[in-house]
Amino acid sequence: MKKTARAHTNIALIKYWGKKDPKLRLPLMSSLSMTLDKFYTDTSIEAAEENSFYLNNEKQTSNASKRVFSYLEMLKKKYDITDNFTVSSINHVPTAAGLASSSSAFAALASAFCAYYNINVDKKELSRLARMGSGSASRSIYGGFAIWQKGDDNSSFAYSLDEKPKMDLHLLAIELNKNQKSISSTKGMELAQTSSFFETWIQKNDSELNEMIQAIKDEDFTKLGSLAELNASEMHAVNLSAQPPFTYFEPDTIKAIKLVENMRTQGIECYYTIDAGPNVKVLCQLRNVKDIKQRFESSFNNVTIIDASFGPGVSYLD
Ligand code: PMV
């Protein structure tokens, strides 16, 4: 009998961008995220004769399934399990277009695996296991605001800062570009460490995390938005100053940044954040959602905008 888990994707307001140990996926910095209601992955797992992976009901090639099954190998070894599996994921996230679908994917996979074998783990241990599939997945175990702490293999997991925040906070996911990203986050983080600004980035991240925690406690949207924007810009600055330099930005990314800055000067308070892809996410409050959507729609052709707010932690569907 299969087991299905649902995990929502999260967006980092203070980013993880650099690994201390790539194999164990240990970060060089702690990070903080908002779990989103509109984007999630449902993953079911069932023992089978041979391994197969279906994504959105399509059977994936063994190459595309490699990451899933090498992650499951690690879990099987840990818990002394010898089964093969049918894994099936339905992704309610635009795949690889700048919203980290790997965060919901590996949080759902780790949760479904533990539920299938009745492995009794608390949320911190589940987060630790999810971390080994994808760093950002550690935070998707929780709803609301979560913090993933740096540390060693045993202490690097996420915990909840506030599962059900009351803050008026919306995230508009602006899908400008549907292409898959050309530089994976793993490769991007590796390259970023060659930047001469990398040490500064780690230090700044540390102090910005503390300021962000305070902004959330104070429900201070202005502080939260401006810090998230600064933090994202710093992350992209280490990419631009890497050797060789690279960027996830496309011309439309810059155009969207300018539009956000422009709206701000006109009194529409909003801030941008950008991950490892060309798409822009806009942080705003409910009263400005409609206006901001309209301005993006009139500035870009064929733009898809999804208005998201706080989502829940992992749940089980059967
Ligand atoms: O864990 P990954 O490989 O999905 O990397 C996530 C990297 C960023 O999305 C850019 C930042 C973050 O903290 O989520």
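The stops below run through a predicted model.

**Stop 1: two asparagines.** Select Asn56 and Asn57. Asn56 sits in the loop between strand S5 (52-55) and strand S6 (58-59). Asn57 lies in the loop between S5 and S6 too. Check the backbone. Asn56 is not a glycine, yet its phi is positive, about 50°. Asn57, also a residue other than glycine, has a positive phi near 70°. Asn56 is partly exposed, at 36% relative accessible area. Asn57 counts as exposed, at 61%.

**Stop 2: an acidic patch.** Select Asp162, Asp218, Glu219 and Asp220. On the surface, these residues gather in a patch of negative charge. Zoom in on Glu219. Its place is the loop between helix H5 (198-217) and helix H6 (221-240). Glu219 is partly exposed, with 47% relative accessible area.

**Stop 3: a cis peptide bond.** Select Gln243 and Pro244. The peptide bond joining Gln243 and Pro244 is cis, with omega about 0°. Pro244 belongs to the loop between H6 and helix H7 (251-265).

**Stop 4: two cysteines.** How many disulfides does the structure hold? The count is 0. Select Cys270 and show its sulfur. A disulfide needs the two sulfur atoms within 2.5 Å. Cys284 is likewise in no disulfide, and its nearest cysteine sulfur is that of Cys270. Are these side chains buried or exposed? Cys270 is buried, with a relative accessible area of 0%. Cys284 also counts as buried, at 0%.

Definitions and conventions: Residues numbered from 1 in each chain as written. Predicted model: local features only at pLDDT ≥ 70, side-chain atom pairs only at ≥ 80, totals over all residues. Heavy atoms only, no water. Patch = residues over 30% accessible without salt bridge, like charges linked within 9 Å, V, L, I, M, F, W, Y side chains within 5 Å. Areas by Shrake-Rupley, 256 points an atom, 1.4 Å probe, with all protein chains shown as cover. Salt bridge = Lys/Arg side-chain N within 4 Å of Asp/Glu carboxyl O. Lys, Arg positive; Asp, Glu negative; His and termini not counted. Charge placed at Lys NZ, Arg CZ, Asp CG, Glu CD. Helix = DSSP H or I, 4+ residues; strand = E, 2+ residues; numbered from the N terminus. Buried < 20%, exposed > 50% of the residue type's maximum accessible area, 1.4 Å probe, protein only.
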